[in-house]
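Open the model in your viewer and show side chains. We will go from ring pairs to charged pairs, one selection at a time.

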Amino acid sequence: MPLNFSRVEFVRSAAKQADFLRDGLPQFAFAGRSNVGKSSVINRLVERKNLAYVGASPGKTTQINYFLVDRGAYLVDLPGYGYAKVSKAEKERWGRLMESYFQDEGGLLTTGVLIVDIRHKPTENDLTMHTWFQETGCPEIVVANKLDKLKRSQVEPALALIQETLKLGDETPLVPFSAEKGTGREALIQRLNTACRQ
Ligand code: GDP
């Protein structure tokens with residue numbers, strides 16, 4: 001049975017490894033640089049206006065938020081990266097938290113969802129996150145958000161640039177998406193459901 005992404009509830013925030021969830025349910029981990037629209041993509045996916053907090057402040061960069069989807073999987077909102085105003089200490093905290101999530105013995109991750117901005121070449125930080133996802137050996141889906149900001153003729157070249165920069169193979173779907181308009185929602189849900197069954 002495909003997961004119903006509209007059936008969703010907040011479970012907990014974790015700022016340290018001891019608080020991670022490891023009950024064996026699949027985990028879809030969402031990552032992206034600040035302002036890429038990660039909260040908006042999640043809210044669009046679950047059809048809620050405010051489940052993930054849009055415009056979260058830099059102070060919130062070091063916690064992982066867990067949402068339970070249809071009692072069958074977790075949507076894991078990893079803290080965003082690349083905030084301009086974050087202190088060195090907080091960046092280090094972010095790095096340690098990510099490292100512990102990716103290296104957790106419980107093998108927590110099932111699918112990585114990397115959100116990038118369709119208008120821009122992926123950043124160094126995007127590349128790093130992409131590499132971390134790849135190293136887990138789990139399927140990864142790349143979401144190219146803010147599709148509505150491009151003219152139709154700009155879409156293909158923009159997708160090609162993302163594909164090239166991240167060196168995406170055929171096994172990694174690249175989903176054009178607009179959190180604003182809802183474009184790509186069904187495609188992303190289908191990809192997540194497929195990954196979940198693998
Ligand atoms: P986060 O920091 O990655 O969680 O990003 P937010 O979800 O807070 O979004 C950052 C800004 O981008 C907000 O002003 C959103 O309204 C805007 N935004 C997010 N997704 C889209 C999109 O698909 N299209 C457009 N036009 N704006 C978007």
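Select phenylalanine 102. Its relative accessibility is 19%, so it counts as buried, the cut-off being under 20%. Keep in mind that this is a predicted model.

Next stop, another ring pair. The whole structure holds 9 aromatic pairs. Select phenylalanine 5 and phenylalanine 28. Their ring centres are 6.2 Å apart and their planes meet at 25°, so this pair is stacked. Phenylalanine 5 sits in the segment before strand E1 (8-14), phenylalanine 28 in strand E2 (residues 27-32). The pair links distant parts of the chain, 23 residues apart. Both residues are buried.

Turn to charges. The search finds 9 salt bridges in the whole structure.

- Lysine 16 and aspartate 19: the side chains meet at 2.9 Å, N to O. Lysine 16 is partly exposed at 48%, and aspartate 19 is partly exposed at 24%.
- Lysine 88 and glutamate 92: the closest N and O atoms are 3.5 Å apart. Both lie in helix H2 (residues 88-103), about one turn apart. Lysine 88 is exposed at 65%, glutamate 92 partly exposed at 41%.
- Arginine 185 and glutamate 186: the closest N and O atoms are 3.2 Å apart. Arginine 185 is buried at 12%, whereas glutamate 186 is exposed at 55%.

Finish with Arg33, Asp117 and Arg119. Salt bridges with shared partners join these residues into one network.

Note on methods
Residues are numbered from 1 along each chain as its sequence is written. This is a predicted model: local features need pLDDT of at least 70, side-chain atom pairs count only at pLDDT 80 or more; totals for chains, interfaces and linings use all residues. Side-chain values use heavy atoms; hydrogens and water are left out. Rings of Phe, Tyr and Trp (its six-membered ring) pair if their centres lie within 6.5 Å; planes under 30 degrees apart count as stacked, over 60 as edge-to-face and the rest as tilted. Helices (H or I, at least four residues) and strands (E, at least two) are DSSP runs, numbered from the N terminus. Buried means under 20% relative accessible area, exposed over 50%, partly exposed in between (1.4 Å probe, protein chains only). A salt bridge is a side-chain nitrogen of Lys or Arg within 4 Å of a carboxyl oxygen of Asp or Glu.
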